[in-house]
Amino acid sequence: MSRHSFATRAYRTLLRLLPFEFRAEFGEEMEGTFEEQRQDTAATERRRGLARLWLRTIADFLRTAPCEHWDLLRQDLRFGLRMLARDRGFAAVAVATLAIGIGASTAIFAAADGMLLRPLPFPDSGRLVAIWKTDPPRFDRMTLSYEQFAAIRARCPAFEEVATYAYGETLQIPGGDVRVRLLARDVSASLLRALRAPVVLGRSLVDADERPGAPPVVVITHGLWVRRFGGSRAVVGQTLLQTVSGRLNPISATIVGVLGSGFAFPYPNPWPADAWIPLTRERNDSARNSRAYFLPVVGRLRRGAGLDTAQAQLDLVASQLARSWPEYKGEAFRVARLSDDIAGPLRVPLLAFLGGAGLLLLIACANVANLLLARAIAREGEFAIRISLGAGRLRVVRQLLVEGFLLAGVAAILGLLVAQVGVRAFLALAPEGFPRLGEVAIDYRVLLFAIGVATCSAMAFSLVPAVRCSRAGSMGALGRAAGSGGSSRTWRRPLGVVVIAELATALVLLVCGGLLVRSFVGLVQVDLGFDPAGVVAFEFNDPKVTPPPGGGRRLTVADSQLPVVVLSDGARQTLGFTEELQRRVAALPGVVAVGFVNNSALSGRSGQSDIHIQGRSEPADGKPLMADVRSASPGYFTIMRMRLKAGRWFDDRDREGAPRVAIVNEAMARRFWPGQDAIGKGVSVGRTPASRIVGVVADPRHNGPGRPPLTEIYVPHLQRPWSYTLVVRTAGTTAGLPAGVSRETRALGGAIVSARELEHLFWQSIAIPRLVAFLAAVFAVVGVVLAAVGVHSVLRYSTARRIREMGIRLALGAQPGQVVGLVLRQAIGLGVLGLALGALGAAAAVRVIRSLLFTVTPSDTLTWVAVSALLIVAVVVAALGPARRAGRVDPVVSLRAE
Amino acid sequence: MSDDSRSFLPLTPALFHVLVSLADSDRHGYAIIKDIAARTDGAVELGTGTLYGIIKRLLADALVVETRAPVRNDDPRRRYYRLTPLGRAVAQAEADRLERTLDAARATTLFRKARTT
């Protein structure tokens, strides 16, 4: 008996594979048939026959069940398409709304995925970190000295590996063409381990290769192996010649291994390299200098160690180093995931916009849910009749879900088109050359995200209307279907709640968008202290200095201490070159003025040097005073349209044989001579005698409008010809200028390295705030439009259901204007509730974007008031159509129809 | 042969077997399974899933109808099925189609070669 029961239970379990409707119709009969089959088989073939029967039956169900489910789904799809085709207007609005929500969130996900979420192309890259040091206000970020790197490597157990890399040397192949130079990068052995660099031949670098006295070795790249050594396995053991600074003759370095193809570092802008050599103090001058901060450091966290643990250990090492090395006092180490570090200033905006896209999608889903709910309520009668006639509730729910998924499916396809446009816009607006920008694309990960979003959206907006309609078998619903029994007010509440939530969400987007746009506008209007429009900066190399017969005159230490400037022969040659170049370029068509500077504005480069203020004792902590030193020709300041606040500009008097002079900016004058006139004061740059300050310039923001001005000191190019950037102010187009300047430079034996328009650099310096403001504005506009559509739909439905009520009011003497006012008041009521709820959300959201605001505060009153008013106006505009329709109701017609 | 019956062609082998099984008398599910197995010497053994999927389609297309049990005290779970005139016409149309296909095959060297060896 129990065996029969087990068999029956087992068969019933198999029956569950089939759709409910199929089971309901044939399940009992199938049980009976199978029981007969089983009994006959047991009688004739016994156990072996029974086993075959069960296997055959299971296989049969596994084959049949999917077909039956698919058959049912096809019916539901056909039914759903028919229903949607009957109401094309609703379908179009729903699909368009969803497509916007899905498209926006997919586009932002594509950007975030490419730049933030996708793993770096190194094994187990989630544990890779970047380490740097900071010492505000001197600097926010700086590379480390070898001393600091070695201390972290030895004393931080949270890291499995701590590694570094530097520019390195050149190599040559013995017996090869001496003009062929190979590029070698100095790296710690731990770098190749940390990055799990693949080795195809021989071995990688090991810690022993870095020890003093270790024989010089080198690991070559796959490209070099194939190119120069033909991929020969005999390459291991061969030697390369390595030049080492301070040594006359190159040394032999033995090739110990070949790396796999595709390995490149740093990521995503790898340095060109043919080989990797161990970084040792013996062969690297900077590694022996505790003040040479030239090492970027990366690490791999030990399994189970978090960033907090690593940071705590770094803090301890920093304090230990400060006790042993006074120059490290006040410096702190910082650590961050390498992927986050690479994303840099785009990390917070991308995460914020992921949240914003989520809100947009929420509004879109709420809109569609409202539309579906309203439509489902209108079809209540239809579903009541169907359920009464025997259709299962589950079938009704499934059909409505299928309709929802159909809408979401079409919206997802359109949404991908929207996402494609969004991704293109993002790439166009993002800063040029930003790390990992090339990885932003619509690929399989983004497609999966879009499918996931569409699926979740379909579930979110379909479930409530579907469940609601599945309860439609009540007499009340049947009565409503028959046209009797009066209307229920219970439909108004869920629709109203959803609209209020939409308006609240739209307010969050509006507040954030408004603040970010105002911040960007303010940023563009910041006084840079100079005018980049029409200025082109050319970086150049001067021709090799040729010493005159007899070797020429070199500067001695005594020369550098003289009260007047003395130049070496090399410096004089450079000066001669720049003066001749200036003369030739000034004669080119369209050129207004020509000057020289060492680092152009907005280039991102600065020349920090220690300075000494005459009459002021050195800082007690032993840390030198620092300033950004710029070497500028006499005409540079007027070319850049900088403003002189006191004294004079450099002129032709400030050259060799004249006393040393300098110009400082206001920030430097305020810092070192507060309340005094800086003109006439003395300041030394490095170890040179003091220069007399002859001018004070209004603070230029050389790092862009979003960063505060640096402490700056200018020295005359004619006294220190360090300036390798030619600055040209043009009148009108700059089209032919680069070719002309390049030609003139080559004619003098030099070469142009780069040419950049300063105005373009200005826009690049604010590319991230611009991108953020643009996206925020788009999100805000789309959000308020979608919310307004939601308000319009709900009010339209609401007034349609209240036709009788409107008719009675008008019949009893109400004016049409009063009826219109009734509807508008209802709309404004929704708007005010949405504002109140949204204000709470917006207050939380602005904390997230606080770091993205430059010139406004999160509580900026003007922005909050303006966007709130905008939202109410949008609500009123959305309500006008339904309100006017309500006011035009003919009381006689409406009462007769009811 | 009407256009109506031809519109159902070609039939799957399993579906054709079920129609043939119902040609001579009304049967219930297990009887159909046994009849097909007997006719094909055990080569075709329909599972209950396949059988009732076929019956569902045949009922929806009006090729078969459910009918009363021939005996009074039969298992209440049994349901009997009868071929409709349309169902009979469809079965005949399929049989004709298969016959024409076989005739075409017999006219080729396939069968002539077999006879000569």
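The structure is a predicted model, in which local features need pLDDT of at least 70, side-chain atom pairs count only at pLDDT 80 or more, and totals for chains, interfaces and linings use all residues. Residues are numbered from 1 along each chain as its sequence is written, while chains are lettered from A and ligands numbered from 1 in the order in which they are written. Helices (H or I, at least four residues) and strands (E, at least two) are DSSP runs, numbered from the N terminus.

**Domains of chain A**
- Chain A is divided into domain 1 (2-86), domain 2 (125-345), domain 3 (349-525 + 767-897) and domain 4 (543-749); the bounds come from an automatic or database domain assignment.
- Between the C-alpha centres of domain 1 and domain 2 of chain A there are 66 Å.

**Two crossing helices in chain A**
- Helix α4 (residues 88-117) and helix α12 (residues 393-429) of chain A have axes that come within 6 Å and cross at roughly 45°.
- Axes are lines fitted to C-alpha atoms, for helices over the stretch in contact, and angles run from 0 to 180 degrees between N-to-C directions.
- α4(A) and α12(A) are therefore oblique to each other; angles under 35 degrees count as roughly parallel, over 145 as roughly antiparallel, 65 to 115 as roughly perpendicular and the rest as oblique.

**Val297 of chain A**
- Val297(A) lies in strand β11 (residues 297-301) of chain A.
- Val297(A) is buried, with 24 other C-beta atoms within 10 Å (buried means 20 or more such atoms, exposed 12 or fewer, partly exposed in between, with C-beta atoms placed from the backbone).
- Leaving aside neighbours within four places in sequence, residues in contact with Val297(A) include Ile131(A), Leu144(A) and Phe149(A); contact means that C-beta atoms, placed from the backbone, lie within 7 Å.
- Phe149(A) is 148 residues from Val297(A) along the chain, yet their C-alpha atoms are separated by 7.2 Å.

**A sheet in chain B**
- Three strands of chain B form an open sheet in the order β1-β3-β2, with antiparallel pairing (strands pair if DSSP finds at least two bridges between them).
- β1 (27-28) and β2 (64-67) of chain B stand at the edges, each with a single partner strand, so one side of each is left without a neighbour in the sheet.
- β2(B) pairs with β3 (residues 80-83) of chain B over four bridges, and Val64(B) has Leu83(B) as its bridge partner in β3(B).

**Where the chains touch**
- 18 residues of chain A are in contact with 15 residues of chain B.
- On the side of chain A that touches chain B, α2 (20-44) and α3 (46-86) of chain A give two or more residues.
- The largest share of that side, 11 residues, comes from α2(A).

How values were computed: Contact = placed C-beta atoms within 7 Å.
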